[in-house]
Amino acid sequence: MSLCVLEEETFRHCCRLILQQSEQLRDGWSWESVQSVLVASAGADSIQGDIDDEDDDADEGVCTVSEGSSQVLQYEYHILYSCSYSTPVLYFRAFTLGRSLSLQEVWSSVHSNFSFRLQNSPLNTITQQEHPLLGQPFFMLHPCRTEEFMRPVLQVAQDHNRPVNYVLTWLSVVGPMVGLDVPLKYTTSHY
Amino acid sequence: MADDKDVLRDVWFGRIPTCFTLNQDEVTEREAEPYYLLLPRVSYLTLVTDKVKKHFLKVMKAEDVEEMWFEYEGTPLKWHYPIGVLFDLHASNTVLPWSITVHFKNFPDRDLLHCPSNSVIEAHFMSSIKEADALKHKSQVVNDMQKKDHKQLWMGLQNDKFDQFWAMNRKLMEYPTEEGGFRYIPFRIYQAMSDRPFIQKLFRPISPEGNAHTLGNLLKEMYPTAIPNDGEPKRYQVVIHGIEPLLETPLQWLSEHLSHPDNFLHISSWITQETVGLNGGNSELTDSLMRGRSESCP
């Protein structure tokens, strides 16, 4: 369906618009032009979260910080373009006290409302993957179902003759699932 | 033309003789003997090394054992790359057997993905197959398969069952005759000594004029430094499954016959070292390709 296909040039254009907004909001997005990546690094002092170990069958490597303790988490988000799927793809990683978070810890630091829905959602899979440009382990939200949740949105926008920033719309859906908030201020007059 | 099926078999059954040695800093109750194994080029380290783990666990206490990982001359080996690619990229100029060091602590989580179970390997493998089909067929073939068909591909790889695997994989290698080939070719080019893990971009097997693109055409577009200009000596080696296919080889043919089970063409490249030739290459495969060439010559 050509409606849902995101061309690479359109991807870059969408990112440029997001960057313009980001500069005004000062929320930390930057563009790595050599590698065509949109990067946001949420600073250590701006996100606080709890790590709860609620997993009954805890295996080695799962964080065993006691319930309710508060830690400072640092998240790094990268938006890349997948030419295989013609969609944006979200890569992220998280650290606490210089240590990488495991997937279990990431799940438990996401708001409990999302966490349950996410783990059972057929639309999203989060897996550990090698970052295609940096070669380091990141978590990735698998892009193969992106078209499913983008299509209704894009259809409505097309029916109402409203322009849409594909990347921004996509980010507002997937971002909150992984602790990335997209402020309403992004959706101002122009797209 | 030599039977193309010979090529498929030779690719599948390619092996690399390997010697696994325990890292000397591991805590052992007695000295650990090295362990020898023939590794399948087309499989993944964590899928085929249960015996290695069992062997070294015999001399270690459980509390000293964390996630197993492998290293070659100081470089952590990425289990999610096919074994043959790791060898070609890191060790092709080494004398066989390939010497790999085994570790059970200090997992380098900045460099390596975790591999807690076989289902992680399965997910990674299926993810590659799906991505390859997205490129070849807009995902139509893989989406038309049932869950049990996907399982058959994985079980075929896991249990080293060529026929079981290809009974299903052949569907992923079909294309409409009028198209002349796949939509795009799934490939990754790995450059030794590069910061970037690999090059992967869109590339069609057939030109707009209807000509078959070759391996040389692909490299010229994606990695032009590897191709010498006319009259210049060859400076780079371009290797698939441990051999150097002729640059004139049609890319569509390479994709159908020399892809890994994950349906990607994994191409390794590095600057030629003058003294040593290629070791550990798949000699049966070379023979098949040579037979094919000589039989097709007038």
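Predicted model: local features only at pLDDT ≥ 70, side-chain atom pairs only at ≥ 80, totals over all residues.

User: Which residues are buried in α5(A)?
Analyst: Those are Y166(A), V167(A), L168(A), T169(A), W170(A), L171(A) and V174(A). Buried means under 20% relative accessible area, with exposed over 50% and partly exposed in between (1.4 Å probe, protein chains only). Residues are numbered from 1 along each chain as its sequence is written, chains are lettered from A and ligands numbered from 1 in the order in which they are written, and side-chain values use heavy atoms, leaving out hydrogens and water.

User: What covers the buried residues of α5(A)?
Analyst: The cover includes α1 (8-25), β1 (29-32), β5 (74-82), β6 (87-96), β9 (137-141) and α4 of chain A. These names come from DSSP runs numbered from the N terminus: helices are H or I with at least four residues, strands are E with at least two.

User: At what angle do α4 and α5 of chain A pack?
Analyst: Helix α4 (residues 146-159) and helix α5 (residues 166-174) of chain A pack at about 120 degrees, and their axes are 11 Å apart. Axes here are lines fitted to C-alpha atoms, for helices over the stretch in contact, and angles run from 0 to 180 degrees between N-to-C directions. On the α4(A) side, the contact is made by T146(A), F149(A), M150(A), V153(A) and L154(A). On the α5(A) side, Y166(A), T169(A), W170(A), V173(A) and V174(A) make it. Contact means heavy atoms within 4.5 Å.

User: How many helices and strands does chain A have?
Analyst: Chain A has 5 helices and 9 strands. Of its 191 residues, 47% count as buried.

User: OK, switching to chain B. How do α1(B) and α8(B) pack?
Analyst: Helix α1 (residues 4-12) and helix α8 (residues 162-172) of chain B pack at an angle of about 125 degrees, with axes 11 Å apart. That makes α1(B) and α8(B) oblique to each other. By the cut-offs, angles under 35 degrees are roughly parallel, over 145 roughly antiparallel, 65 to 115 roughly perpendicular and the rest oblique.

User: Which residues make that contact?
Analyst: K5(B), L8(B), R9(B) and W12(B) from α1(B), plus F162(B), D163(B), F165(B) and W166(B) from α8(B). Ring pairs also link W12(B), F13(B), F162(B), F165(B) and W166(B) into a cluster. Rings of Phe, Tyr and Trp (its six-membered ring) pair if their centres lie within 6.5 Å; planes under 30 degrees apart count as stacked, over 60 as edge-to-face and the rest as tilted.

User: What else do the buried residues of α8(B) pack against?
Analyst: Besides α1, they pack against α5, α6 (140-144), α7 (147-158) and α10 (251-257) of chain B. With α7(B), the axes come within 8 Å and cross at roughly 130 degrees. Therefore α7(B) and α8(B) are oblique to each other.

User: Back to rings. How many aromatic pairs are there over all chains?
Analyst: The count comes to 18. One of them is Y44(B) with F125(B), which is edge-to-face at 6.4 Å centre to centre and 70 degrees between the planes.

User: Which parts does that pair tie together?
Analyst: Y44(B) is in the loop between β2 (35-40) and α2 (45-48) of chain B, and F125(B) is in helix α5 (residues 118-137) of chain B, so the pair ties together parts that are 81 residues apart in sequence. Y44(B) is buried at a relative accessible area of 1%, and F125(B) is buried at 0%.

User: And what sits over the ring of F182(B)?
Analyst: The charged end of K136(B) does, 4.6 Å from the ring centre. Likewise, the charged end of R188(B) sits over the ring of F198(B), 4.2 Å from its centre. To count, NZ of Lys or CZ of Arg must be within 6 Å of the ring centre and within 35 degrees of the ring normal.

User: Last one: is F203(B) buried or exposed?
Analyst: F203(B) is buried, with a relative accessible area of 8%. You'll find F203(B) in the loop between β6 (187-191) and α9 (215-222) of chain B. Not counting residues up to four places away in sequence, F203(B) touches several residues, among them Y184(B), F187(B), H213(B) and L251(B).
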